[in-house]
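This report covers selected features of a two-chain model.

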Amino acid sequence: MQLSRSLRNIILIELLLPITLLILGIYHGLMQTIYRSGAIHQSSAAHLDYYQGLTLHGVINAIVLTSFFAVAFGHATIAFHLKKEPNKAVAWLSLWLMVVGTLLAAWSMLSGNASVLYTFYPPLKAHPFFYLGAALLLVGSWVPLFNWAYLYTQWRKSNPETKMPLAVLGTLVNFTIWFVCTLAVAYEVLVLLLPWSMGWTNDVNVSLSRTLFWFFGHALVYFWLLPAYIMYYTILPKVAGGKLFSDLAGRIAFFLFLLLSIPVGVHHQFSEPNIQRGTKFFQSMLTFGVAVPSFITAFTLAASLEYAGWKRGAKGVFGWMKKLPYLDKENYLFAYMICGLILFVFGGFTGIVNSSYQLNNVVHNTAWLPGHFHMTVAGPVFLAIIGMSIYLMSNLLGKKIFLPRINVIVPYLWLVGVLIFSTGLMWGGLIGEPRRTNLGMSYLNPSHPLYHPQWVPTTLLAMAGGIIMTTAGLLYFIVFFGTLFSRKRTSATLDFPVTTAYHDEKRMGFFDSFKPWLVMMVVIILIAYVPAVIDVMKNSGPSAPTFLPNNPTPGSK
Amino acid sequence: MIDKFERRVLIITGSVAMLFIFSILYAKNSRRIDVPECLPYNKSYEEPKVVKLDSNLYQVYAVAQMWQFQPAEIQVPVGSTVDFFLTSKDVVHGFEMYEKNVNMMAVYGGVNKTTVKFDRPGVYKITCHEYCGIGHQNMQSEVIVNYPSSK
């Protein structure tokens, strides 16, 4: 279909801005592995401090890239499946809020006034612009939800008996989760932290801030993941040459995410004071619940791929694995998605370790954690984002892919890099290697009294993986910007591969309506989070003044 | 209706999940392995000290601050059981002793508690594993577990 010029430009800006910033994000990903391995023993390199770069790496890769992409992909999905475009002014407003927010936050991080990492735990204080920028970015990403929800209700009126398209269901579920979870972090940022960082209030309840952050923080990872899931359910089976095994399974999976993405945040706080064991245990169980939709997805996608393999003439039990279009350069979305899926197998298993209550004592805040989440957010999420970004960009502009053979190799190189990198980190984590630490300054410096040689092989392995990942990233940038500036034109359209279902059940009202699920969502969140907030209010001591990262004196400027 | 392979995989998934949950409950109730215990805040926890209750029963009141732990060195005999109480005087810090699977966050206005039994002599490092500012990578303390005779 043809998009209006205005919406096309919005989507393109929402892809180009974060992909450009990603150059800085990936650069500092590589630098971290170098600092950590002890290859250099410095606090900064090229005027960028380790912790400043770590903040940039987290904010750009995990917040800016993911939010911009989710909005861009959402616009494209809704317009394509409902054949209606969102309101022009509202879509531009959303984009401007997000751009201004990103610029404010980028200025505070680059000027060294916000080295507080992307979790910005108080009482470490950042520049007020950092909090303001984060809030604008969040609010900007809320705006399209209302626009899309309106388009959906219009569509529903004229199609009362048709199942809503699975991609539309996924998009609306994802942004509903996003809206609800970001309410808590918006409260934390705008009501607790912003006035406190401006000096208008004296202190902040640290435990309450952290609990509000993690109300948002785990749902955030599903906000990253669901655009990838939408592609897996609605695009992958088609580009593999088959059908989606079950349409209903996809609907159930998305609705289960709606119920369970948020009321599990306390599993990030198992090691924390002020929350009782019972509250933690209950949310640990709910976290097992949120693994269910991912298990459903694993089965459904494997079955869909197996069907595709058979359609391509495979024989035997595992023959279908050999028949899939792994290196088809015309069909590169398959390569990006299958590599993400392979990583997600390991990402999912290690995630279950993290949610297993006592096992958290072994891995919490060690290098295991980034080892785990680079196989999720830097696995299926990242590969789906960069694969779809180049697909949307080249289609909307009508450009031919520059170096298509390189393009199809990028995800495999990335896959190998992440597997090595995460192995190093997770191995290190199991022998106590902390995350978020400039190890080269002390623990990996042979002339330092804290030298800890056990972490030499683990950090070297992570650096080797980091170098491979960065190489894949560089190749991607060459292909992306080469395509952007290429002169070879084809026709400019927006078209997604459309998957049909192998088991396509009749419309069932319960699985085609948001109301019952939204009610259940609210009930489960209240059951899980009211006790957590009561614990925090009951057990917390005094609130904390501000601290800067370079000064132990409270309230210093 | 539901595909027979789907039904099979649902049963397998359910059984595996039950096995995991049973393991967690067994470890929690029978082996007494648990997450840290949270205590209501009290200002007295901000005073770092080691209290000897008995010949092999100790309490350590650990305080984390930018960028050190107090007490910086803790000496106990082999076979002793130590209760660690932990709080922070400023930003969020971590408290990790990986040989003993001790893993706690030190939070301003919060008190964490865990209990460790030291059966073997050795030096057990406590590492700060939460970013706490520019000196974070230097923040470590240690528990030295001696033979009783060397005390």
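A residue counts as buried if 20 or more other C-beta atoms lie within 10 Å of its own, with C-beta atoms placed from the backbone. The model is predicted.

By this criterion, His93(B), Phe95(B) and Met97(B), which point one way from β7(B), are buried, as are Gly94(B) and Glu96(B), which point the other way. Because 5 of the 5 residues of β7 (residues 93–97) of chain B are buried, the strand is largely enclosed by the rest of the structure. Strand β7(B) runs antiparallel to β8 (residues 102–106) of chain B, and 5 bridges join the two. Within this pairing, Ala106(B) in β8(B) is opposite His93(B). The hairpin has 4 residues between the strands, and Asn101(B) takes a positive phi near 50°.

Chain B as a whole is divided into domain 1 (1–34) and domain 2 (37–150). Their C-alpha centres lie 35 Å apart.

In chain A, helix α5 (residues 166–197) has 32 residues and should span 46 Å at 1.5 Å a residue, which agrees with the 43 Å between its end C-alpha atoms.

| Site | Angle |
|---|---|
| Thr182(A), in α5(A) | bend of about 30° |

Between the chains, 56 residues of chain A are in contact with 47 residues of chain B. On the chain A side, α6 (206–234), α9 (277–311) and α12 (360–363) each give two or more residues. Helix α9(A) gives the most, with 7 residues. By class, this side of chain A has 28 nonpolar, 23 polar and 5 charged residues.

Definitions and conventions: Residues are numbered from 1 along each chain as its sequence is written. Chains are lettered from A and ligands numbered from 1 in the order in which they are written. This is a predicted model: local features need pLDDT of at least 70, side-chain atom pairs count only at pLDDT 80 or more; totals for chains, interfaces and linings use all residues. Two residues are in contact if their C-beta atoms, placed from the backbone, lie within 7 Å. Ala, Val, Leu, Ile, Met, Phe, Trp, Tyr, Cys and Pro count as nonpolar, Asp, Glu, Lys and Arg as charged, and the others, Gly among them, as polar. The expected span of a helix is 1.5 Å times one less than its number of residues. The bend at a residue is the angle between axes fitted to the seven residues ending there and the seven starting there. Domain bounds come from an automatic or database domain assignment. A residue is buried if 20 or more other C-beta atoms lie within 10 Å of its own, exposed if 12 or fewer, and partly exposed in between; C-beta atoms are placed from the backbone. Two strands pair if DSSP finds at least two bridges between them.
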